[in-house]
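Thank you all for coming.

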Amino acid sequence: MDLWLVGTSSHGILTIWRDFDSVGGFREFEILDQFNTVLLEESFSILYHTTKTQKTWGFRSDSLIMSKLMPLPEDIPFFLAPFLPTSSSSLTPKRPFTTLTYAQSLDSRIAASPGQRTSISHLETKTMTHYLRSKHDGILIGSGTVLADDPGLNCRYTENGESHGIRPIILDPSIKWDYKGSKLEQLVQKGEGLPPWIITREVGSDELSEAALERQEYLKKHGGKFLHVISQKDGTLKWSDVLNKLSEEGIRSVMIEGGAKIINDLLANSEELVDSVIITIGPVFLGSQGVQVSPSSEVRMKDVAWWSGIQDSVVCGRLS
Ligand SMILES: NC(=O)C1=CN([C@@H]2O[C@H](COP(=O)(O)OP(=O)(O)OC[C@H]3O[C@@H](n4cnc5c(N)ncnc54)[C@H](O)[C@@H]3O)[C@@H](O)[C@H]2O)C=CC1
Ligand SMILES: Nc1nc(O)c(N)c(N[C@@H]2O[C@H](COP(=O)(O)O)[C@@H](O)[C@H]2O)n1
């Protein structure tokens, strides 16, 4: 068992610490993650146990803590408006309106190391991300991200008390990710998220592992859906095919959040598939071990606009 100490600072920042010794005493701590939260009282501490096999940190489902958002800065909707889908732009028959959006460090890293969920955005820009989610039909990530982050992928931004259901879409050609026991499943069970769609290669069931078939069955039984796309010779899926499939399924706008492989591919070979790019930049250097966003060749943005907030800056643009 790993032992966890969870505490809050006076700024409403929830910090998760791990005790290296795992026998109590909390002699040495390592900050694992920080979340902006206003849900918790200022001074408290709880011990939390989790098994070593559970790769990500977590809370039991009955005490799942989601960070509460802060009020959206008043100028954000105006700033983002030119880069958001509109009712007329979202009905391109071949593909949805596509927004590429992620948070990066000053040295262009999106995680501190491969497979590590890393908080870069301030609560203010996290709130902006949920506002963005409220403007899209779907949110797409790769298998690397879902395995590393165990994300929620829901929309916690509400407008006039109305919540928005965004469809989580995971590009996972070999069905490596297990919905069972995930944070996403917990949110769906609580009525706070939609069951995910998984984009896979079109293969016969004899080509899938036993474990993959089980995961497929479980998700189908629990409201999820599998979208099959014919792969190229090298086994990868063409982005135009992926987006086309989403359009056929009624997704009129999608925000693609990452991870690095997906972002780098889309930046380098956008084939006019990306409508807007919205990048949050946090004032941190994550270092050379970090997961890097750097496309294989030069990419310039046009129609660029910048916004700066309490801690982060946001750059929006289109790909030239
Ligand atoms: N700071 C941020 O905003 C974000 C950070 N991240 C971080 O990024 C890291 C994960 O990045 P990566 O390892 O690069 O994983 P990834 O999320 O880009 O997934 C890569 C996987 O997606 C599938 N895939 C991608 N393109 C494909 C294609 N064209 N055809 C078929 N399959 C395809 C493959 O299974 C591939 O192995 C994590 O550490 C995560 O925390 C992820 C999203 C946002
Ligand atoms: N906007 C933003 N800021 C960060 O600092 C991040 N690490 C990410 N990561 C992305 O958000 C997903 C997690 O979403 P939930 O809060 O769990 O719904 C994660 O999977 C990345 O795609 N984004």
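Predicted model: local features only at pLDDT ≥ 70, side-chain atom pairs only at ≥ 80, totals over all residues.

The largest nonpolar core has 52 residues, and within it Ile169 and Ile170 have the most contacts. By core I mean a set of buried Ala, Val, Leu, Ile, Met, Phe, Trp, Tyr and Cys residues joined through C-beta atoms within 7 Å, where buried requires 20 or more other C-beta atoms within 10 Å of a residue's own, the C-beta atoms being placed from the backbone. The largest share of this core, 5 residues, is supplied by α7.

Residues are numbered from 1 along each chain as its sequence is written, while chains are lettered from A and ligands numbered from 1 in the order in which they are written.

Leaving aside residues up to four places away in sequence, Ile170 touches Ile141, Ser143, Val146, Trp177, Pro196, Ile198 and Ile199, contact meaning C-beta atoms, placed from the backbone, within 7 Å.

Around ligand 1 there are 29 residues, of which Ala111, Gly142, Gly144, Gly258 and Gly259 come nearest; a residue counts here if its C-beta atom, placed from the backbone, lies within 6 Å. To this shell α3 gives the most, with 5 residues.

Around ligand 2 there are 16 residues, and Ala103, Ile120, Ser121, Pro151 and Gly152 come nearest. Two or more residues of that shell come from each of α2 (123-133), α3 and β11.

Methods: Helix = DSSP H or I, 4+ residues; strand = E, 2+ residues; numbered from the N terminus. Buried ≥ 20, exposed ≤ 12 C-beta atoms within 10 Å, placed from the backbone. Contact = placed C-beta atoms within 7 Å.
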